[in-house]
Amino acid sequence: MKVAIIGMGVIGKAQARMFGAHELVTYDVTDKKPYPADELAECDFAVVCVGTPPNSDGSINLTFVEEAAHALP
């Protein structure tokens, strides 16, 4: 099984450990590497582990989640 993990913060790293027996494709914007669209297209599924900061009114900001989901092939 080939697993994609988008976002390699605390949660992404935990997911990488959990799926460590499988082939992993990881991406984190802080690595400043190109987005691996071709490799992600070959994955069986993706786990999105990006930030969800609060908006000024306290509601959840899903901008990063939406961007990550839309970028998946």
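Which residues of strand 1 point one way, and which the other way? Lys2, Ala4 and Ile6 lie on one side, Val3 and Ile5 on the other, and all of them are buried. The model is predicted.

## Overall architecture

The protein contains three helices and three strands. Along the sequence these elements follow the pattern β-α-β-α-β-α. Taken along the principal axes, the C-alpha atoms fill a box of roughly 40 × 25 × 20 Å.

Of the 73 residues in the protein, 29% are buried. Among contacts with a separation of 6 or more, 45% are between residues 24 or more positions apart.

The three strands form an open sheet in the order 2-1-3, and the pairing is parallel. Strand 2 (23-27) and strand 3 (45-48) are at the edges with a single partner strand each, so one side of each has no neighbour in the sheet. From one strand to the next, the twist averages 20°.

Strand 1 (residues 2-6) is joined to strand 3 by four bridges, and the two run parallel. In this pairing Ile6 stands opposite Val48 of strand 3. Strand 1 and strand 2 also run parallel, joined by five bridges. Here Ala4 stands opposite Val25 in strand 2.

## Strand 1

Strand 1 is mostly covered, with five of its five residues buried. In a regular strand, side chains alternate between the two faces of the sheet. Strand 1 has Lys2, Ala4 and Ile6 pointing one way and Val3 and Ile5 the other way. Burial here means under 20% relative accessible area, and the residues pointing either way from strand 1 are all buried.

## The largest pocket

The largest pocket holds about 250 Å³ of space. Its lining consists of 13 residues, and those nearest the centre are Ile6, Tyr27, Val29, Val50 and Phe64.

By class, the lining residues of the largest pocket divide into eight nonpolar, three polar and two charged. Helix 3 (residues 63-71) supplies the largest share of this lining, with four residues.

Key: Residues are numbered from 1 along each chain as its sequence is written. This is a predicted model: local features need pLDDT of at least 70, side-chain atom pairs count only at pLDDT 80 or more; totals for chains, interfaces and linings use all residues. Side-chain values use heavy atoms; hydrogens and water are left out. On a 1 Å grid over the protein atoms alone, a cavity is a set of points where a 1.4 Å probe fits but cannot get out, and a pocket is an open set with protein on both sides within 12 Å along at least five of seven lines; lining residues have an atom within 4 Å of a point. Grid points are joined across faces, edges and corners, and a volume is the space filled by probe spheres set on the points. Ala, Val, Leu, Ile, Met, Phe, Trp, Tyr, Cys and Pro count as nonpolar, Asp, Glu, Lys and Arg as charged, and the others, Gly among them, as polar. Two strands pair if DSSP finds at least two bridges between them. Axes are lines fitted to C-alpha atoms, for helices over the stretch in contact, and angles run from 0 to 180 degrees between N-to-C directions. Buried means under 20% relative accessible area, exposed over 50%, partly exposed in between (1.4 Å probe, protein chains only). Contact means heavy atoms within 4.5 Å.
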